[in-house]
Amino acid sequence: MKLKAKTLGSRIQEARKQKGISQAELAEACNISVNHMSLIEHDKHTPRTVPTLVLMVKYLDISIDDILFGMSVTRTEHPINEFLDSLGEAEKGALEIARQFEVYRKK
């Protein structure tokens, strides 16, 4: 997916809108507040943790390089994509661990 937006927050917002997902829905999926999601999309904050960013890209069904750079780049340049792809069947468990980490982190 090629994103035209220039900043991380605006690329997250663009991807979310292209998928027809509300800010509240994405915030809930990432275990963050709607206010925090709004601040991210308006480039006032960034996702605070890697698990939060992973939850976002997985929920938006977009690659990490698309969100970070606005376009796909080669996998050798960004091995995190190989990591995300390798989650395979463990993906649901990994996402649950990331969600639990975010909940724990907020305590």
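How many helices and how many strands does the protein chain have? I began with this count in the predicted model, and I found 7 helices and 0 strands. Reading from the N terminus on, I noted the order of elements as α-α-α-α-α-α-α.

**Entry: the chain as a whole.** I looked up burial next, and buried residues make up 40% of the 107 residues in the protein chain. For the accessible surface I noted about 6,300 Å², of which 56% belongs to carbon and sulfur atoms. I then took the contacts with a separation of 6 or more, and residues 24 or more positions apart account for 57% of them.

Entry: In soluble globular proteins, nonpolar side chains tend to be buried together. Here I found that the largest nonpolar core has 20 residues, and that Leu26, Ile32, Met56, Leu60 and Ile67 are those with the most contacts inside it. I noted that α1 (8-18), α2, α3, α4, α5 and α7 (91-106) each supply at least two residues of this core, with α4 giving the most, 6 residues. When I listed the buried residues of α4, I wrote down Thr52, Leu53, Val54, Leu55, Met56, Val57 and Leu60.

Which residues does leucine 26 touch, once its neighbours within four places in sequence are left aside? I found contacts with Ile12, Arg16, Ile21, Met37, Met56, Tyr59 and Leu60.

**Entry: backbone angles.** Most residues other than glycine have a negative phi, and I therefore looked for exceptions. Asparagine 31, which is not a glycine, has a positive phi of about 55 degrees, and I placed this asparagine in the loop between α2 (23-29) and α3 (34-41). Aspartate 43 also has a positive phi, near 60 degrees, and lies in the loop between α3 and α4 (50-60). Is aspartate 43 buried or partly exposed? I recorded aspartate 43 as partly exposed, because its relative accessibility is 40%, a value between the limits of 20% for buried and 50% for exposed.

Entry: With a relative accessible area of 40%, methionine 71 is partly exposed.

Note on methods:
Residues numbered from 1 in each chain as written. Predicted model: local features only at pLDDT ≥ 70, side-chain atom pairs only at ≥ 80, totals over all residues. Heavy atoms only, no water. Helix = DSSP H or I, 4+ residues; strand = E, 2+ residues; numbered from the N terminus. Buried < 20%, exposed > 50% of the residue type's maximum accessible area, 1.4 Å probe, protein only. Core = buried A, V, L, I, M, F, W, Y, C linked by side-chain atoms within 4.5 Å. Contact = heavy atoms within 4.5 Å. Areas by Shrake-Rupley, 256 points an atom, 1.4 Å probe, with all protein chains shown as cover.
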